[in-house]
Structure formats: structure tokens, C-alpha cells
Amino acid sequence: MAKADPIFANPFRPGAGHIPPYLAGREIERDEFARLLRQDVILENMILTGLRGVGKTVLLETFKPIAQSAGWLWVGADLSEAATISEDALATRLITDLSIVSSAFSMDVVRDPRLLQRESVTASQPLDYVTLAEHFNTTPGLVSDKLRSVLELVWSNIPRNGQRGIIFAYDEAQNLADHSAKDQYPLSLLLETFQSIQKKDIPFMLVLTGLPTLFPKLVEARTYAERMFRVVFLERLAEAASKEAILKPITETNCPIRFSDESVEIICRISGGYPYFIQFICREVFDLFIQKTEVGKPRVVPVDEIVRKLDTDFFSGRWARATDRQRQLLWVIAQLPNCESEFTAQEVVERSRLAEFKSFSPSHVNQMLATLSEAGLIYKNRRGKYSFAVPLLSGFINRQGPPAY
Ligand SMILES: Nc1ncnc2c1ncn2[C@@H]1O[C@H](COP(=O)(O)OP(=O)(O)OP(=O)(O)O)[C@@H](O)[C@H]1O
Ligand SMILES: [Mg+2]
């Protein structure tokens, strides 16, 4: 089959971590990152947090060239659950990632002249994975001592001219956790290690991104985390930025499709300014308008169909994993006028008394909110209030109607 003309290719990219055709807004966040890069001694690290699909991963990607052009080296990866299962696993993760950039540098090592049987006693050895792992394994002490020693070794062998420091950028950092039952504290290890090397004026900066559960988790592990991080909460896009996200990709590419002002308004409204929804809806609308153009029909955004598709593709999988009782609780929450901002457990208890099904006791609500937090549907903020962790969830819940009782 012949390939579609690239001019006609749909530019929109709904999907986790897919770079959008135009990354709208986020100037304040980028300025904030640039400010942190100007630190000589690292007093503040960064946390980039926000709801699902708000654009954390793609914004972190754009930080990389900003850091590099300011003279920083960039190390990073996704923090999978496996990477944070134990202290050794986390240390291996950091050393593996660091070795990719450090292997470009080398250190002088003193060789035992008796072994070499010649005069020369120094040799140059690259700071590659083998070297770092060996240093780690032969350093005495706890995992934290070994890891710190590796980081110090690397920094002491990087030439000062040109390199400002190293950024350690980790996505999905909400996966970090301490496991006291197994006596494994990888989250605390990360915080302790960076706090201690930063105290020694080593310019290694952490940039962690993740769901809103991330920061409270760090503070719970080490209270000083509160002072270690500048937390940037990514919000939905403002109206002007939403419009740019919708229009720039189709005005800048010679594309034959046009979205009317009315269509743009509708897309802004259904998406609520949430980047993933903007990409999703625009991708659908683009495909549809191309077809409609072919048969000469008018171009109107079919709101109901798109909302239904979004429900099926985005929300229903999450909903399917909730139990009947959890759905009842979520439905109660969705009846609160403030459910899309923040709400208290007490408000949920009170509202549940009006429901057709059995109401919830305060302890039951607290316990269920904790379970729903673990499932990634709800999170508790630092003021002790709760919010939905998934954007526009209340609209979906209400479209399902009151749950059976
Ligand atoms: N500023 C933006 N302008 C336009 N589109 C954006 C913007 N930010 C993100 N997107 C789009 O939104 C979608 C989600 O982005 P991304 O995967 O970075 O979100 P996330 O916050 O990391 O999500 P998750 O919580 O699932 O990890 C992608 O399709 C991306 O292209
Ligand atoms: Mg992401």
C-alpha cells in the first residue's frame, strides 16, 4: 500500500512520554529549572509533579538540552519498581546510569610496579561501569558509604573546566519506597546520599518527576526532604496555551485541515486543558475532518462520540479495577461540588449519608482513601486534603450514573 502523503500525517501524539508536535506553555517551569541550574552549591533539587498525563515526562525531556547547554552532564532513566526494590538495586541503577556519561572521563591509577615489572607506575583507566562497580564493591561500609564514594570518585576525576555538575533525572519516581519489613531503604538511601554529597559542595542535582504522591513520600522518609526540593506542580494548560497546543501543529505544517474557532473552543472545553486529552481529542478530530473533507460534509466536533471514546480508552480500565464498594465511594466523591479541586474525608462521610446505598463510617473512608491512593486514583496532599489523581475523573464517574446498591 502506498504511504500517506507526509503532509497529511496526523501530527497529534496521545501517549505516555510521546513528544507533542508543539509543547505549549510551561515557560515558568523551564525558567525555574534554569534558575536551579545557576546554583554553585546545590541547596535545592527539583520535583516535577502533577496528575496523570499532564506532561511531566515530556517536560523533563526538554530540560535535558537546557541543562547540557548550560554545561551540565545529564544522567537519568525511569525508576521502575524493580530498581527500587533494594538498596543494592538502586545503587546499581545509579551507577549504571552514571557510567554512561562518566566513561568519557578517566582516572589515573597507581599500578603495582612489581606486577607490571617495569618502571611506569601510573595508568589511565576509564570511569566506565566496570571501574565504578569495582570501586563500589571494594569500598568498605554500608551501601550508602559505597555509593557516596563512587559519586565522589567520579566528580574528583571530571575536569573542572566546562562541566558545571551532573543532573540525575529520574522519571516515575513515585515508585521509590522504603521496605522496612525487608530492612531495605532505597528511598532514604537516595536522599541521604545526595544530601551528603551536596553538603560537600559536589554539584550533583536531583530532578525527580512523578505523581503527586511522590513528595509526601519523600518527606515521610526524611523530613529534611522538605527543604531539599523545590516542588513544581504542573497544572492543566491555560486557555491560550491549550489553543496553541491545538492550533500550532496544524498551522505550521501546511496542513489542509483547519479547526474552526468553535471546534477549538469545544476541544478546550472537553479536554479541560489537560495535555493528554488535547492530544487524544485532536488526533480523533483530525482523522475525522480528513474523512469529512473527502465526502464534503461539514466539520463539527462530535462531542458525544469523542467523550465516549475517551471513556473507553482512558478511564474505563482504571474504573474496571475498582471494587463495587470503591465505586460507590468514588461516586460519592464525584457528587461533591469541590471534587475536582480538593476535599476532606469528613466531607465524603457526610455526603455518603445522602446516598441510596449504605453510608461510610469515618474510619472506613480513611482506609478506603488510602487504598485508592495506592491504586493511583486519589492522592493526599500535604494539607491532609484529598484530590483525584486522574484528571477529569468526576465527569467520567457521573457519566456512569449512580452505582448499584
Ligand atoms: N505542554 C504540552 N503541550 C502539548 N502537549 C503536551 C504537553 N505536555 C504533554 N503533552 C502531551 O500529553 C501527553 C502526556 O504527556 P506525558 O507522558 O509527558 O505526561 P505525564 O505527566 O508524564 O503522564 P504520566 O503521569 O502518565 O507519566 C503526551 O501525549 C504529550 O505529547
Ligand atoms: Mg510520565
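Reader: How do the residues of the shell around ligand 1 divide into nonpolar, polar and charged?

Author: Ala, Val, Leu, Ile, Met, Phe, Trp, Tyr, Cys and Pro count as nonpolar, Asp, Glu, Lys and Arg as charged, and the others, Gly among them, as polar. Sorted in this way, the shell around ligand 1 has 12 nonpolar, 9 polar and 4 charged residues.

Reader: What should I know about the model and its numbering before going on?

Author: This is a predicted model, in which local features need pLDDT of at least 70 and side-chain atom pairs count only at pLDDT 80 or more, while totals for chains, interfaces and linings use all residues. Residues are numbered from 1 along each chain as its sequence is written, and chains are lettered from A and ligands numbered from 1 in the order in which they are written.

Reader: Which element gives the largest share of the shell around ligand 1?

Author: A residue belongs to the surroundings if its C-beta atom, placed from the backbone, lies within 6 Å of the molecule, and 25 residues surround ligand 1, the closest being Pro20, Gly55, Lys56, Thr57 and Pro275. The elements that give two or more residues to this shell are helix H2 (56-69) and helix H12 (275-295), where helices (H or I, at least four residues) are DSSP runs, numbered from the N terminus. The largest share, 4 residues, comes from H12.

Reader: Is H3 roughly parallel or oblique to H6?

Author: Axes are lines fitted to C-alpha atoms, for helices over the stretch in contact, and angles run from 0 to 180 degrees between N-to-C directions. H3 and helix H6 (residues 143-156) pack at an angle of about 5°, with their axes 10 Å apart. Because angles under 35 degrees count as roughly parallel, over 145 as roughly antiparallel, 65 to 115 as roughly perpendicular and the rest as oblique, H3 is to H6 roughly parallel.

Reader: Is H3 roughly parallel or oblique to H7?

Author: Helix H3 (residues 87-102) and helix H7 (residues 186-199) have axes 8 Å apart and pack at an angle of about 45°. The two helices are therefore oblique.

Reader: How many residues of domain 3 are in contact with domain 1?

Author: The protein is divided into domain 1 (27-104 + 137-233), domain 2 (237-301) and domain 3 (322-399), with bounds from an automatic or database domain assignment. Two residues are in contact if their C-beta atoms, placed from the backbone, lie within 7 Å. By that rule, 8 residues of domain 1 meet residues of domain 3 numbering 9.
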